[in-house]
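Here is a short note for a colleague opening this structure for the first time. Please keep the sequence and the model side by side while reading.

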Amino acid sequence: MSHASVRAALRRAFAAALLALPLAALAAPAAQAPEDKDYSAAEAAQRENRGDQLLVLSYHDVRDDVARKGDPDAYAVSTQNFAAHLDWLAGHGYHPVALSDVIKASRGEKKLPPKAVLLTFDDGLRSIYTHVFPLLRAYNYPALMAVVTGWVDLPRDQQVDYGPRMFTHDDFVTWDQLREMQASGLIEIASHSDNLHRGITSNPQGNTMPAAITREWDAKAQRYETEAQYLERVRRDLAASADKIKRELGVSPQSVVWPYAAYNSQTNDLADKLGMTVTFDLEGRHQTVGRDLHGLARLLVFDNPTVKDLTYELRHDEELDGVRALQVDLDYVYDADPAQQARNLDKLIERVKQVGPSHVFLQAFADPDGNGSADAMYFPNRQLPMRADLYNRVAWQLKTRANVKVFAWLPVLGFELPDKALDAQLAIKASNPAETHRLNPFDPRTREIVSQIYEDLAVSGYTEGLLFHDDALLRDDELRGIAPDAPAARTQALIDFTHALTRAAGKWRPKLITVRNLFAGPVLQPKSEAWFAQDLAAFNNAYDYTAVMAMPWMENSRDPQRWIDRLVAKVKASPRGLSRTIFELQTVDWRDNSKPIPAAQLKRIVHRLQADGARHLAWYPDDFIADRPSTADAREILSARGFPYIEK
């Protein structure tokens, strides 16, 4: 895949995420933050009180002829607007800092000034010398320039497909120009890789994904790159880039700006070993500088923003943005006939584009018998059969073609192991034969098996978060003598189990957002925690979001609206209830042969929820094959582009 193709794909996703409906507040889940054993709680509190706050801005090209909106290169900023940005920062108390200042602050060696801002410039385009550098000198502002060393060395007879046109050697900065900028004392050079700013084949269907995070699919050999091969490929590239910078500029880079902000903990470890201990993301605004400088949040300057546009982004309250999610069965996309499967996928993409949700919770497991447990998976894995290598393709298509964030929806305990003897040993002996098949979470073998499934999901392709299925429950009459007797202790044990799964997936997908399904019973009747090992307050403390199953028909309510009103009142009374809770509605009545809930009734429920302060909404199932609820109704009810949220 060309550089332009990857840029075009990610451009659409970033446009939705960063300009229309910024959801960067989701990107810092406290519950799963890695523990720094060398950093005491007292030191952490002291650092928080010190308040080393940092804003990082990410620019690319700066040109004189950029269109106000709709320029062919949406990453380009006009010289006039860029100068206005610098002037606005200077006039509003911002203090541009160098990367070395950030590193010293992380070590406790100095304090960042108030409203510290780090300016970064990606790709190493010639404009950083011709247009950016003169303005930085005029303002005496330091900056970080991240160069693709393979492009700096681009032979004159080769070109790079950059998007709006083919770029040549003359479109990129030279080593002499980099030396001059570095000598000014204002500019530090970072690696942007040597040859990772491109896409590679990521699955048998031919999709391409960023080279730094993808195990390449070899169509000829019909196999994926191994973990060792993948890591060695990335290590060689990083080493080549760092060696070139050291040879040409005399200073080794301290940071790597991963192309497309595509990285994982393993690639960061490789960079650390090469002396590049600072890495950057492409989402977020402000952050408190701590000892870990991996994945620093950056605001992507996109679509040639004016000063007014930029100030909106900096002052916009991200907490006000709401989740609008469709929960989608991948079983409905799958078909043994590849042509029909392709048509199903097209229907899904078109519906999501038309409805305009912010998220899709995408089933990553196969449950053709509908019993709630996984018979197989939709990605290569070490434990269960693979029904089809489909999750990666569908998730990436949803991200790049429909501009939504995709969370993988997976069971926690509900897996039917192909080794029937082992499955029988690990299975919870439920008192109710209709209960979902589940594995014992207190057996180390279960944790190993399920952790491997989650790790393999993360390896297989794109996902920005995890939706933990409603199978994670423990009745008070199950596993006696093994599980804790106290309901709260069982609740915490399952939370700890899911955190282990998040860490397993986080090896390959950092900053995963977590959502946990919760039955309505423990919310409406807290004593029922004993029957579920679930609790709203505990969930909202442990996960980024809790998806409460706001499904009155499933609960046999005679008055669905009154039932919903009671549920909202209980959520309101819980700490951080409305800010963390997703109300997940049902679109069919399973008691009545899956009869659709009338759209008018769904609209009334949603309007009442919004009037009562609910921020986050989802529904299940979303039948994109039969177009139920209709696309028009779905757009009115669940579009993230509608009132009271910002129009695109």
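The numbered points below go through the structure topic by topic.

1. Ground rules. This is a predicted model, in which local features need pLDDT of at least 70, side-chain atom pairs count only at pLDDT 80 or more, and totals for chains, interfaces and linings use all residues. Residues are numbered from 1 along each chain as its sequence is written, and side-chain values use heavy atoms, with hydrogens and water left out.

2. The main core. A nonpolar core here is a set of buried Ala, Val, Leu, Ile, Met, Phe, Trp, Tyr and Cys residues joined through side-chain atoms within 4.5 Å. Buried means under 20% relative accessible area, exposed over 50%, and partly exposed in between (1.4 Å probe, protein chains only). The largest core has 120 residues. Leu362, Tyr391, Leu398, Phe415, Tyr454 and Phe583 touch the most other members. Helix α14 (residues 444-460) gives the most to this core, with 7 residues. Helices (H or I, at least four residues) and strands (E, at least two) are DSSP runs, numbered from the N terminus. Apart from this core lies another, of 36 residues, including Leu57 and Val301.

3. Arg215. This residue sits in the loop between β11 (208-210) and β12 (217-218). Arg215 is buried, at 17% relative accessible area. Its side chain makes a polar contact with the side chain of Glu227, at 3.4 Å. Such a contact is a pair of N or O atoms within 3.5 Å; within protein, one must be able to donate a hydrogen and the other to accept it, and residues adjacent in sequence count only if both atoms are side-chain atoms. Arg215 also lies over the face of Trp508, 5.0 Å from the ring centre. The rule is NZ of Lys or CZ of Arg within 6 Å of the ring centre and within 35 degrees of the ring normal. Arg475 lies over the face of Phe532, at 5.0 Å from the ring centre.

4. Aromatic pairs. The structure holds 24 of them. Rings of Phe, Tyr and Trp (its six-membered ring) pair if their centres lie within 6.5 Å; planes under 30 degrees apart count as stacked, over 60 as edge-to-face and the rest as tilted. Trp409 and Tyr620 are edge-to-face, 5.5 Å centre to centre, with 80° between the planes. This pair links distant parts of the chain: Trp409 is in strand β22 (residues 405-410) and Tyr620 in strand β29 (residues 616-620), 211 residues apart. Trp409 is buried, at 4% relative accessibility.

5. Two cis bonds. Which residue does a cis peptide bond join to Tyr620? The partner is Pro621, with omega about -5°. The bond from Arg628 to Pro629 is also cis, with omega near -15°. Pro621 is in the loop between β29 and α22 (631-638), and Pro629 is in the loop between β29 and α22.

6. Leu602. This residue lies in helix α21 (residues 599-611). Leu602 is buried, at 1% relative accessible area. Not counting residues up to four places away in sequence, Leu602 touches several residues, among them Trp619 and Pro629. Contact means heavy atoms within 4.5 Å.

7. Positive phi. Asn304 has a phi of about 50° although it is not a glycine. Asn304 is buried, at 3% relative accessible area. Leu479, also not a glycine, has a phi of about 55°. Leu479 counts as buried, at 15% relative accessibility.
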